[in-house]
Amino acid sequence: MPAEGEPHERTWMAYPSEGYSLGDTPEEHHEARTTWAEVAHAVARFEPVTVVVDPGQVSAAREYLSADIDILEAPLNDAWMRDIGPTFVLSEDGRLGGVDWIFNGWGGQDWAQWDKDSKIGALVVERSGAALVDSPLVNEGGGIQVDGLGTVLVTETVQLDAGRNPGLSKADVEAELARTIGATKVIWLPRGLTRDQDTYGTRGHVDIVAAIPSPGVVLVHDQRNPEHPDFEVSKAVIDVLKQTTDARGESWEIITVPRRRFCATRRASSTTATSTISSSTAASSRAASTIPRTRRRSRSCRRPTPDARSCRSTPARSSRAAAASTASPSTSPPCADAP
């Protein structure tokens, strides 16, 4: 599997349908559709983009997406192509393949639906012209991070999740990752972030706790508030990485990314304290941050704990794009760690 920063032939996305991403009100529908469209248009400045759209959303998608974006109609439950789509790989002689993992709603969670999303991986492989690499492993794109040289980061709470792969051992998972994505070194991190373990989380995707921007370098979410539950998570992840090497046998350069502290600001014309959360990514908009928390998986679109699940890219013979989010004024403490 190539590193995500390698050149691509194309980026694949899924458009919000009647799921957690779209929201409930017309205002939320507009924000979600606008955000996904802005990401697609930003990526399309550099490479072709195909957006998979549920048949019931095609007319809406055509209003928001320009003629530069290719639309592929297919039934969808939601809009997280990074997780439901295939993982593109290259053979030693440059032939393109697509690994079709089993998708079961992030471990068969009772709030998720996946009867339609589970078919998207094979569809994208077929339409991309890649060779199908079928896999019996329940896995998602957000559950793996690679360096393009054979190293892959995973978490024990995802690949060994009883709701995903009951009965599989680490050795079983490692063998399948070697067969499918060419992994020669699997590094097992203990878990993801705390809120990703809750009712609406993925149970610990690695891509919100660690990422490999270049060979030998790993970025790690760093919660520095000792009273926050992720303080111990960050410490455990860093400790594991300090004791491991990449596929080349080289030690990691570990770069910690401090978790932002969101502080209230006071407007000169008002005595009302407000808190504004924003992030800088491929597109700048309010995204789906206004969708009620009970309707969404726990990871909002933000950095430095990235949610890049809206895209999956075809490597040239995966890029990530995520929407930025801005929270509405809140009554949170003047300065506090986000959950």
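What follows is a short chat about a predicted model of a protein chain.

Colleague: What should I know about the model before we start?

Modeller: The model is predicted: local features need pLDDT of at least 70 and side-chain atom pairs count only at pLDDT 80 or more, while totals for chains, interfaces and linings use all residues. Residues are numbered from 1 along each chain as its sequence is written, and side-chain values use heavy atoms, with hydrogens and water left out.

Colleague: How many helices and strands does the protein chain have?

Modeller: The protein chain has eight helices and 17 strands. Both are DSSP runs numbered from the N terminus, with at least four residues of H or I for a helix and at least two of E for a strand.

Colleague: And what percentage of the residues is buried?

Modeller: Buried residues are 54% of the 339 in the protein chain. Buried means under 20% relative accessible area, exposed means over 50%, and partly exposed is in between, using a 1.4 Å probe and protein chains only.

Colleague: What is the accessible surface of the chain?

Modeller: About 14400 Å², and 51% of that belongs to carbon and sulfur atoms. Accessible areas come from the Shrake-Rupley method with a 1.4 Å probe; for residues, only the protein chains shown count as cover.

Colleague: Inside, then. Which residues of the largest nonpolar core touch the most other members?

Modeller: Tyr15, Val51, Val52, Leu65, Met81 and Ile120, out of 36 residues in that core. A nonpolar core here is a set of buried Ala, Val, Leu, Ile, Met, Phe, Trp, Tyr and Cys residues joined through side-chain atoms within 4.5 Å.

Colleague: Which elements supply at least two residues of this core?

Modeller: Strand E1 (8-14), helix H1 (26-44), strand E2 (49-53), helix H2 (58-64), helix H3 (81-84) and H5 each do. H1 gives the largest share, five residues.

Colleague: Take Val52. What is Val52 in contact with?

Modeller: Leaving aside neighbours within four places in sequence, Val52 is in contact with Trp12, Met13, Ala14, Tyr15, Leu72, Ala74, Leu76, Met81 and Ile120. Contact means heavy atoms within 4.5 Å.

Colleague: On to sheets. What is the strand order in the one with E4?

Modeller: That is an open sheet of three strands in the order E4-E5-E6, with mixed pairing. Strand E4 (87-90) and strand E6 (131-138) are the edges, each pairing on one side only. Two strands pair if DSSP finds at least two bridges between them.

Colleague: How many bridges join E4 to E5?

Modeller: Four bridges join E4 to strand E5 (residues 96-102), and the two run antiparallel. Phe88, for one, has Gly98 in E5 as its bridge partner.

Colleague: Which helix lies across E4, E5 and E6?

Modeller: Helix H5 (residues 120-128) does, running at about 170° to E5. Helix H7 (residues 170-181) also packs on the sheet, touching E4, E5 and E6, with its direction at about 165° to that of E6. For these angles, axes are lines fitted to C-alpha atoms, for helices over the stretch in contact, and angles run from 0 to 180 degrees between N-to-C directions.

Colleague: What about the sheet with E10? What order do its strands have?

Modeller: The order is E10-E11-E12, in an open sheet of three strands with mixed pairing. The edge strands are E10 (210-214) and E12 (253-258). E10 runs antiparallel to strand E11 (residues 217-222), and three bridges join them. Helix H8 (residues 230-242) lies across E11 and E12, at about 160° to E11.

Colleague: Switching to charges: how many salt bridges does the structure hold?

Modeller: It holds 13. A salt bridge is a side-chain nitrogen of Lys or Arg within 4 Å of a carboxyl oxygen of Asp or Glu.

Colleague: Which residue does Asp70 meet in a salt bridge?

Modeller: Arg10, at 2.9 Å from N to O. Asp70 is in strand E3 (residues 70-73) and Arg10 in strand E1, 60 residues apart. Asp70 is partly exposed at 36% relative accessible area, and Arg10 is partly exposed at 23%.

Colleague: And which residue pairs with Lys170?

Modeller: Glu156, in a salt bridge of 3.1 Å, N to O. Lys170 lies in helix H7 and Glu156 in helix H6 (residues 156-159), so the pair ties together parts 14 residues apart in sequence.

Colleague: Where do Lys235 and Asp239 lie?

Modeller: Both are in helix H8, four residues apart, about one turn of the helix. Lys235 is partly exposed at 45% relative accessibility, and Asp239 is partly exposed at 28%.

Colleague: Which residues are joined into one network?

Modeller: Glu140, Asp161, Arg164 and Arg203, through salt bridges that share partners.
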